[in-house]
Amino acid sequence: GEWLHGCQLLSKMVDDRVERNTITYSALVSACEKAEQWQLALILLTRTTQDRLELGTITYNAAISSCAKCGEWQQAMQLLRDMAHSRVDMDSITQNA
């Protein structure tokens, strides 16, 4: 699926020392959401902090939705708390996830 191809591209970017940005991770987290790969979505959120990138609303929303679709409500709630702690704006998608 798209998420697997995205992971392969991310790995190649790391190997080739290509700079990753928030858009890179947002796209991959969104692909993980569609494939219900919630655990990978959470790993990618951790990678963004390792790459010293700030997470935005879209990235958080995709990860929260991925967790929610898989019934991982505790993880989804933790992400909501993380958003609030990081002062990331919540929108209507966040509130309906």
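Start by selecting threonine 48 and its contacts: leaving aside residues up to four places away in sequence, threonine 48 touches Tyr25, Leu53 and Leu55. Threonine 48 sits in helix H3, residues 38-50, and is buried, with a relative accessible area of 3%.

A word on what you are viewing: this is a predicted model. The protein averages 87, and 97% of the residues score at least 70. Among the elements, helix H5 (residues 73-86) has the highest mean pLDDT, 92, while helix H6 (residues 92-96) has the lowest, 70.

Next, select residues 2-15, which form helix H1. Now highlight Gly6, Cys7, Leu10 and Met13, which are buried in H1. They cover an arc of only 120° around the axis, so they lie on the same side of H1. In an α-helix there are 3.6 residues a turn, so residues three or four places apart point the same way. Show helix H2 (22-34) and H3 as well: the buried residues of H1 pack against them. Just after H1, click on arginine 17, which has a positive phi of about 55°.

Finally, look at the cysteines. How many disulfides are there? The count is zero. Select cysteine 67: the closest cysteine sulfur, in cysteine 70, is 7.5 Å from its own. Cysteine 67 is buried, at 0% relative accessibility. Cysteine 32 is buried too, with a relative accessible area of 0%.

How values were computed
Residues numbered from 1 in each chain as written. Predicted model: local features only at pLDDT ≥ 70, side-chain atom pairs only at ≥ 80, totals over all residues. Heavy atoms only, no water. Disulfide = S-S within 2.5 Å. Buried < 20%, exposed > 50% of the residue type's maximum accessible area, 1.4 Å probe, protein only. pLDDT = per-residue confidence, 0-100. Helix = DSSP H or I, 4+ residues; strand = E, 2+ residues; numbered from the N terminus. Contact = heavy atoms within 4.5 Å. Expected span 1.5 Å × (residues − 1). Arc of directions from axis to C-beta.
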